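The sequence and the structure come first.

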Amino acid sequence: MRRSTSPNSLQPNTLEHRKTAEPIEQGCGAMLKALSRFDHAIVAHLKLESEQEQFVDPLDMVFSELQNSSRRELEHPFSIVVRDHVVGFFVLREQSAVPEWSPPDAITLHSFRIGQSYQGNGYGKAAIRLAVGWILTNRPYATRLMLGVNVRNVTARETYLKSGFWDTGVTFCGPIGPQNILEMKVGL
């Protein structure tokens, strides 16, 4: 495992953090809607192709972990909604809830999925822009959005790179193999 260390890492400031209750809208009609740790049923219909499923935890496991987490205030599940249809899901983590490969000034993206029947419509890229907007509004201390993507998940990696992420060059051993750590600067 290689771990990135940056002399530019910033410590979170003490500004009061706000969670957006109202949906945030993005081009293509996509909106971000905050979920609770008990809202599994809202996103349970989001199925992926079997080759994609291997790279993300099942939603029931994600929500079980959210419900049992000791860092609930630092984990933020969201649905992506387009014209009253839930098309996707992800979790943002911050501060002590981020993985060990993440610097303290980052927010990390987890369990990102766009349902199979909704893929190819730009909703994934819109969701990334929505996540960045949420970070800028609600977590001004954060200077980057980061994620780990399995090296075998070529489609997701290409989508992330086209959405503005760049490869940090860091590789981390994930649950099913090596992951490339990707980063996107926010707010600078």
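## The largest pocket

By class, the lining of the largest pocket comprises 18 nonpolar, 17 polar and 8 charged residues, where Ala, Val, Leu, Ile, Met, Phe, Trp, Tyr, Cys and Pro count as nonpolar, Asp, Glu, Lys and Arg as charged, and the others, Gly among them, as polar. The lining has 43 residues, and those nearest the centre of the pocket are Phe-55, Val-56, Phe-112, Asn-153 and Tyr-160. On a 1 Å grid over the protein atoms alone, a pocket is an open set of points where a 1.4 Å probe fits, with protein on both sides within 12 Å along at least five of seven lines, and lining residues have an atom within 4 Å of a point. The space in this pocket is about 1,100 Å³, a volume being the space filled by probe spheres set on the points, which are joined across faces, edges and corners.

Strand 5 gives the most to the lining, with 6 residues. At least two lining residues each are supplied by helix 2 (50-53), helix 3 (59-68), strand 5 (106-114), helix 4, strand 6 (144-150), helix 5 (154-162), strand 7 (166-174) and strand 8 (177-185).

## Basis of the model and overall fold

The model is predicted, with local features needing pLDDT of at least 70 and side-chain atom pairs counting only at pLDDT 80 or more, while totals for chains, interfaces and linings use all residues. Residues are numbered from 1 along each chain as its sequence is written, and side-chain values use heavy atoms, with hydrogens and water left out.

The protein chain has 5 helices and 8 strands, taken as DSSP runs (helices H or I, at least four residues; strands E, at least two) and numbered from the N terminus. Along the sequence they follow the pattern β-β-α-α-α-β-β-β-α-β-α-β-β. Of the 188 residues, 46% count as buried, where buried means under 20% relative accessible area, exposed over 50% and partly exposed in between (1.4 Å probe, protein chains only). Among contacts (heavy atoms within 4.5 Å) between residues at least 6 apart in sequence, 65% join residues at least 24 apart.

## Helix 4

Helix 4 spans residues 123-138, and its 16 residues reach 22 Å from first C-alpha to last, close to the 22 Å expected at 1.5 Å a residue; the expected span is 1.5 Å times one less than the number of residues. Among its buried residues are Tyr-123, Gly-124, Trp-134, Ile-135 and Asn-138.

Val-82 is found in strand 3 (residues 75-82) and counts as buried because its relative accessibility is 3%. Leaving aside neighbours within four places in sequence, Val-82 is in contact with Cys-28, Gly-29, Ala-30, Val-87 and Tyr-123. Val-82 and Leu-32 are 50 residues apart in sequence, yet their C-alpha atoms are 9.1 Å apart in space.

Arg-83 lies in the loop between strand 3 and strand 4 (85-94), and Asp-84 also lies in the loop between strand 3 and strand 4. Neither is a glycine, but Arg-83 has a positive phi of about 45 degrees and Asp-84 a positive phi of about 65 degrees. Arg-83 counts as exposed at 60% relative accessibility, and Asp-84 counts as exposed at 77%.

## A residue of strand 5

Ser-111 lies in strand 5 and is buried, with a relative accessible area of 16%. Not counting residues up to four places away in sequence, Ser-111 touches Val-62, Phe-89 and Phe-90.
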